[in-house]
Amino acid sequence: MTEGRSCPLAYRYSPASLCQEPAQVSADVLYVIGGLYGNPFALDEIEQMALAEERQGHRVKLVFNGDFNWFNASDSLFREINNRVLDHIVSLGNVEYELANPSPAAGCGCAYPEFVDQGVVERSNRMMERLQAVADGHPDIRKRLSLLPRYRCLMFGGLKILVLHGDPASLAGWGLAHESFAAGNGEPLAQWFRESGADVIASTHTCLPVLWSGLVDERSRVVVNNGAAGMGNLRHDPRGLITRISLSSPVAEPVAGLERRGLHVSLMPVAYALGPWLAQFDQLWPPGSPASLSYRNRITDGTSLAVDSVIFPTIS
Ligand SMILES: [Fe+2]
């Protein structure tokens, strides 16, 4: 296995097994939060967004679908992030999987495809080594992470919401990445919906947002990938994104959203306190460090993705 490029076998699962036992959720709003990446200021803001909904009478459940650890490479921040997140509904990302059960030669467990630069892959592997060394000092948290499931199927608003980290074949799969939708992934997508029986699939991991809707077997289906909750996703925009799923429309302006079968699915911006986070990030990962080289520009300035490129099928 090439470090950081391939999937450990334990990441794989069968699409047909994913939604066999959906768990009923009693809430009015779900926030699906992927890729917090150890950013406590983004978590503060998400909690404030939930409070604003609760003031409107909505009961909000926070659902974390992995990679809530990444930049939090200090003992205090490692404990803080995990203690705060693990109070909620949580499933694993490859980062937590490799912290709880390091796989030989998996590196970061990211399963990066060919289009990701080798320098990024190698720096992610170094970041994982440093975070694993921090996690070694916190066996109680490693134990809690090791007990988390790899995905969740939630019954919400009468529909099956499949919450996972990568794609319906693997914890670190890239089949629901923005790049996969842009290249055309209709065939595996339809097959994944058929086999799992899901109505909505909420993913993350691949760091760029997607909102797709279409018919499979004459039923409306939705894929939503929130990109990253803890860093910028769009052009010149440092805000994180989370997925909001509800029978009611959002109380704030979404970046993108749709309504299918009575369910509102929206990508909500997370306008966290960038200055304080950058100060902490620079202490943890100074200039020249792997995280600074790979991520600092993205944290300050977002990506090159235009907001109208988030929605699929593309309207021409
Ligand atoms: Fe990931």
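Reply:

**Strand β6 and its two partners**

Strand β6 pairs with strand β7 (residues 200-203) in the parallel sense, over three bridges, where strands are DSSP runs of E with at least two residues, numbered from the N terminus, and two strands count as paired if DSSP finds at least two bridges between them. Within this pairing, Ile-161 has Val-200 of β7 as its bridge partner. This is a predicted model, in which local features need pLDDT of at least 70 and side-chain atom pairs count only at pLDDT 80 or more, while totals for chains, interfaces and linings use all residues. Residues are numbered from 1 along each chain as its sequence is written.

Strand β5 (residues 151-156) runs antiparallel to β6 and is joined to it by six bridges. Phe-156 stands opposite Leu-159 of β6, and the two strands form a hairpin with two residues between them, where Gly-157 in the turn has a positive phi of about 60 degrees.

Across the protein, 47% of the 316 residues count as buried. The secondary structure around this strand belongs to a protein with nine helices and 13 strands in total, helices being DSSP runs of H or I with at least four residues. Along its principal axes, the C-alpha trace of the protein spans about 50 × 45 × 40 Å.

Note on methods
Buried ≥ 20, exposed ≤ 12 C-beta atoms within 10 Å, placed from the backbone.
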